[in-house]
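Please examine the model below with its sequence at hand.

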Amino acid sequence: MSGETDLIKLYSARILELAADIPHHGRLDAPEATVKRRAPLCGSTVTVDLVTDGDRITDYAAEVKACALGQAAASVVGGGIIGCTYAQVVEARDALKAMLKSDGPTPPAPFDGLEVLRPAQDYKNRHASILLTLEATAEAMEEARATACGSA
């Protein structure tokens, strides 16, 4: 019974609020790069479209089909992603992974709102869904950078 109670606590009001209101949800008409990632264990998917001005994200959208935890993560990311550099996205991705897997520090601003997902540490089967948006965004930025380098 305590496992069920813990799971209910995991889905806090704040997580549910975030999941219900994802900034930049949807798709872009003319993205510079698009990456779709799927968490095999739970089936959550995130498709990230973005446009950069070289190293900073200038436009972004994410189509999110995930559990409330994955949606909450996408909401925090969507709220702070415009203007971020590749280095910031990678730092946030790596910090989120460390926070979930080894009780590492909260990801730095503008992604410090991901702290709300710290209770998910004990639910390893949810980690992939929570990481999807930052992983897809980092991959899309790599794709955009490769395209920019190829056209230079």
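This is a predicted model: local features need pLDDT of at least 70, side-chain atom pairs count only at pLDDT 80 or more; totals for chains, interfaces and linings use all residues.

Three strands make up an open sheet, in which the order is β1-β2-β3 and the pairing is antiparallel. The edge positions belong to β1 and β3; each has a single partner strand, so one side of each lacks a neighbour in the sheet. On average, neighbouring strands of this sheet are turned by 15° against each other, with direction ignored.

The pairing of β1 with β2 can be followed in detail. Strand β1 covers residues 33–38 and strand β2 covers residues 45–52; the two run antiparallel and are joined by 6 bridges. Ala 33 has Leu 50 as its bridge partner in β2, while Arg 38 has Thr 45 as its partner in that strand. Together β1 and β2 form a hairpin with 6 residues between them. In the turn, Gly 43 adopts a positive phi of about 85°.

Attention now passes to helix α3, which comprises the 13 residues 68–80.

Which residues touch the most other members of the largest nonpolar core? In this core of 43 residues, they are Val 48, Leu 50, Val 89, Leu 96, Leu 114, Leu 117 and Ile 130. Two or more residues come from each of α2 (13–20), β1, β2, β3 (57–65), α3, α4 and α5. Of these elements, α5 gives the most to the core, with 9 residues. In soluble globular proteins, nonpolar side chains generally tend to be buried together.

Residues up to four places away in sequence aside, Leu 117 touches Ile 15, Leu 69, Ala 72, Ala 73, Met 99, Leu 100 and Ile 130.

Val 116 lies in the loop between α4 (86–102) and α5 (124–151). Beyond its neighbours within four places in sequence, Val 116 is in contact with Ser 12, Arg 14, Ile 15 and Leu 18. Lys 97 is 19 residues from Val 116 in sequence, and their C-alpha atoms are 14 Å apart in space.

Technical notes. Residues are numbered from 1 along each chain as its sequence is written. Side-chain values use heavy atoms; hydrogens and water are left out. Helices (H or I, at least four residues) and strands (E, at least two) are DSSP runs, numbered from the N terminus. Contact means heavy atoms within 4.5 Å. Two strands pair if DSSP finds at least two bridges between them. The expected span of a helix is 1.5 Å times one less than its number of residues. A nonpolar core is a set of buried Ala, Val, Leu, Ile, Met, Phe, Trp, Tyr and Cys residues joined through side-chain atoms within 4.5 Å. Buried means under 20% relative accessible area, exposed over 50%, partly exposed in between (1.4 Å probe, protein chains only). Axes are lines fitted to C-alpha atoms, for helices over the stretch in contact, and angles run from 0 to 180 degrees between N-to-C directions.
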